[in-house]
Amino acid sequence: MNRHRTALSVLLSAGALVAGVLTAATPSIAADAPTSFRPQHTQGFWTAERMRAATPLDVTAVPGAARTAVAASATPTAIAPTAAAPAASPAAFPQAGGAWTGGGAVVKTSGRVFFTMGSRTASCSGNSITSANGSTVMTAGHCVKYQGAWHTNWVFVPAYNNGSAPYGQWSATKTFATDQWAASEDMNMDVGLAVVAPLNGQTLSQAVGAQGVLFNGGYNKKMYSFGFPAAAPYDGTKLVYCSGNSGKDFLLTKDHSLGCNMTGGSSGGPWFQDFNEATGLGTQVSVNSFGYTFLPNRMYGPYLGNEAKAAYDKAQAS
């Protein structure tokens, strides 16, 4: 294999990114693998100590052998946020990575995702999005299923704060991935969703709000990315953001590309275009997915096309 196709690291958990070499093998997954899962969850499993101590997990991922073409020319489909986001001057733009101190809706809609992966505990990031059921979280595909196995004990903790859950822990009743991620873990389609159970008589969007989503929105936009990176120099306690002019991956995927130094644990955090710093509202168009070890300080996120829209439609109807 070409030596320049060194490792590509999925930003899955609290661990540092791995340097290594892409192998030719892909996970052995049946082509008709189910695209949703009802994760087992033990009530009270995620104590403050367990959340803080989620096991660092270093992983590498290989783009699916049969990479799916992304239809960037398809008709855009927009789902509006819970409130309009008027234009605002970009005071926090560009930013290669730093704590978000601007407040606004994004502080509540984004959060940490915790789950068990085999015998280990791990963390990702996620975001509450507008949906028909009012209970849908968008994250990365590898944050719901990885190496052929669906994660269990899956919870979303919006506005996570160093072991505390100010808006509660929202347990997934069902998790979803794009057909392509479920079947072959195609990195172009690293998109996952979770439907969470109501808590204290409220849906997730009633409790914390929800951001809008745009499918088939095109490339080369001004972007803001958010997440809870937990590997050095970060520690998972703060909402971190990056901002800048995005591009397109010219190596192995059709992903968006953004200058960003977020590390492990930030996977699944939202990417917004039309983001308003004053209100903290934007239009989600991707999620943190992976970084090439030989191209530091650059994040990649999947293009939300028809495939992601199909997964979203299954989730919001669940």
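Which residue forms a salt bridge with Asp 179? In this predicted model, the partner is Lys 314, and the closest N and O atoms are 3.2 Å apart. The pair links distant parts of the chain. Lys 314 belongs to helix α5, residues 306-316. Asp 179 belongs to helix α3, residues 179-184. Lys 314 counts as partly exposed, at 39% relative accessibility. Asp 179 is also partly exposed, at 41%.

A search of the whole structure finds two salt bridges. In the other, the side chains of Asp 313 and Lys 309 meet at 2.9 Å, N to O. Both residues lie in helix α5, four residues apart, so about one helical turn separates them. Asp 313 has a relative accessibility of 30% and therefore counts as partly exposed.

Charged ends also sit over aromatic rings. That of Arg 112 sits over the ring of Tyr 160, 4.8 Å from its centre. That of Lys 248 sits over the ring of Tyr 219, at 4.6 Å from the ring centre.

Aromatic rings also pair with each other. The count comes to 20 aromatic pairs. One of them joins Trp 46 and Phe 114, with ring centres 5.2 Å apart. Their planes meet at 40°, so this pair is tilted. Trp 46 lies in the loop between β2 (36-37) and α1 (48-52), while Phe 114 lies in strand β5 (residues 110-117). The pair therefore ties together parts that are 68 residues apart in sequence. Trp 46 is buried, with a relative accessible area of 3%. Phe 114 is buried as well, at 0%.

Phe 272 and Phe 275 form another pair, with ring centres 5.5 Å apart. Their planes are at 25°, so the pair is stacked. Both residues are buried. They belong to one aromatic cluster together with Phe 93, Trp 100, Tyr 224, Phe 226 and Tyr 241.

The mean pLDDT of the protein is 83. A value of 70 or more is reached by 78% of the residues. Over residues 1-7 the pLDDT stays under 50. The model has 21 contacts beyond four places in sequence for residues 1-7. Residues 56-73 also have a pLDDT below 50. The model gives this second stretch 65 contacts beyond near neighbours in sequence. Where pLDDT is low, the predicted coordinates should not be read in detail.

Definitions and conventions:
Residues numbered from 1 in each chain as written. Predicted model: local features only at pLDDT ≥ 70, side-chain atom pairs only at ≥ 80, totals over all residues. Heavy atoms only, no water. pLDDT = per-residue confidence, 0-100. Contact = heavy atoms within 4.5 Å. Phe/Tyr/Trp six-rings, centres within 6.5 Å; stacked < 30°, edge-to-face > 60°. Helix = DSSP H or I, 4+ residues; strand = E, 2+ residues; numbered from the N terminus. Buried < 20%, exposed > 50% of the residue type's maximum accessible area, 1.4 Å probe, protein only. Lys NZ or Arg CZ within 6 Å of the ring centre and 35° of its normal. Salt bridge = Lys/Arg side-chain N within 4 Å of Asp/Glu carboxyl O.
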